[in-house]
Amino acid sequence: MNRLLMRVAAAAPALLVACTTPTVNVTQYDLGLPPASAALDQRAANARTLAEVSAPAWLDNPSIAYRLAYDDANQVHGYAQSRWVAAPASLLVQRLRERLPITLLPVIARADTTLATDYLLQVELDEFSQVFDTPQASRALLRARATLIDLRRHELIAQRVFEVQRPAAPPNALGAVLGLRDAVDEFITELLRWTDQESIRAGAPLPQG
């Protein structure tokens, strides 16, 4: 009996701390609504299949990443009380779904799915973070590699590395979200314009109408 009382007494401080520790509220963010001016030139769009967007292991989580360039840019930090609703690669895929014109009946699917489409678009997300140049000034940085493959000829058409930087203000988690949202929208506009130009250059017929 004495041993039982001693165990309860020893555990009491830990129980007290657990009961009095406040719950930390974590704010979750997505990329918001797509821009109203996101329509593409329908004369220059082609059917495309989008492979799953890939990312390095350090981006395979919902952390909002930031780097302190004025201290050590090689270290990746994450906000403790703010998160994305999903990993950045998933957010990018969702944004691409929202941006592709419905009237063109674009195909969004996994790369291993058999579909009647002309091109495979692969995207590798290399950087998706907020960079602090000073404690008071930050910018959003998105870097990605795109690969366009002709599925009819089974050959590589083109590759390109995209780098988009946008102001991230205020210099906190909200600024990171707003800046990276703008960077994603600019990246997708450049990406789809590039795929259209490259597919046309490769000899794809333009849609009629």
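Let me begin with a term: by a contact I mean a pair of residues with heavy atoms within 4.5 Å. On that basis, residues 24 or more positions apart account for 70% of the contacts in this chain that have a separation of 6 or more.

What we have here is a predicted model, in which local features need pLDDT of at least 70 and side-chain atom pairs count only at pLDDT 80 or more, while totals for chains, interfaces and linings use all residues. Residues are numbered from 1 along each chain as its sequence is written, and the side-chain values use heavy atoms, with hydrogens and water left out.

First, the overall layout. The chain holds three helices and eight strands, where helices (H or I, at least four residues) and strands (E, at least two) are DSSP runs numbered from the N terminus. Read from the N terminus on, the order of elements is α-β-β-β-β-α-β-β-β-β-α. Of the 209 residues, 37% count as buried; buried here means under 20% relative accessible area, exposed means over 50%, and partly exposed lies in between, with a 1.4 Å probe and protein chains only.

Now to the interior. A nonpolar core is a set of buried Ala, Val, Leu, Ile, Met, Phe, Trp, Tyr and Cys residues joined through side-chain atoms within 4.5 Å, and the largest one in this model has 40 residues, with L92, V123, F187 and L191 having the most contacts inside it. At least two residues of this core come from each of strand 3 (63–68), strand 4 (72–84), helix 2 (88–99), strand 6 (119–134), strand 7 (137–150), strand 8 (155–167) and helix 3. Which element gives the largest share? That is helix 3, with 11 residues.

Helix 3 covers residues 173–201, and at 1.5 Å a residue its 29 residues should span 42 Å, which agrees with the 41 Å between its end C-alpha atoms; the expected span is 1.5 Å times one less than the number of residues. At the start of helix 3, a side-chain oxygen of N172 comes to within 3.1 Å of the backbone nitrogen of L174.

Helix 2 passes the same kind of check, since its 12 residues should span 16 Å and its end C-alpha atoms are 16 Å apart. Its buried residues are P88, A89, L91, L92, V93, R95, L96 and R99, and the buried residues of helix 2 pack against strand 2 (48–50), strand 4, strand 6 and helix 3. Leaving aside neighbours within four places in sequence, L92 touches V53, V123, L125, V184, F187 and I188.

R95, also in helix 2, counts as buried because its relative accessibility is 2%. With neighbours within four places again set aside, the contacts of R95 include L31, G32, P34, R181, V184 and D185.

Next, the aromatic residues. Rings of Phe, Tyr and Trp (its six-membered ring) pair if their centres lie within 6.5 Å, with planes under 30 degrees apart counted as stacked, over 60 as edge-to-face and the rest as tilted; a search of the whole structure finds five such pairs. Y66 and F132 have ring centres 5.9 Å apart and planes at 80°, so this pair is edge-to-face. The pair joins strand 3, which holds Y66, to strand 6, which holds F132, across 66 residues, and both Y66 and F132 are buried. Ring pairs also link Y66, Y79 and F132 into a cluster.

A second pair, F162 and F187, is likewise edge-to-face, because the ring centres are 5.4 Å apart and the planes are at 80°. Here F162 in strand 8 is linked with F187 in helix 3, 25 residues apart, and F162 and F187 are both buried.

Finally, some backbone details. Most residues other than glycine have a negative phi, and most peptide bonds are trans. H154, in the loop between strand 7 and strand 8, is not a glycine and yet has a positive phi of about 55°; H154 is exposed, with a relative accessible area of 69%. A cis peptide bond, with omega about 0°, joins A169 and P170, and P170 sits in the loop between strand 8 and helix 3. The C-alpha atom of A169 is separated by 9.2 Å from that of Q136, 33 residues away along the chain.

Definitions and conventions:
Polar contact = N/O pair within 3.5 Å; in protein donor to acceptor, adjacent residues only side chain to side chain.
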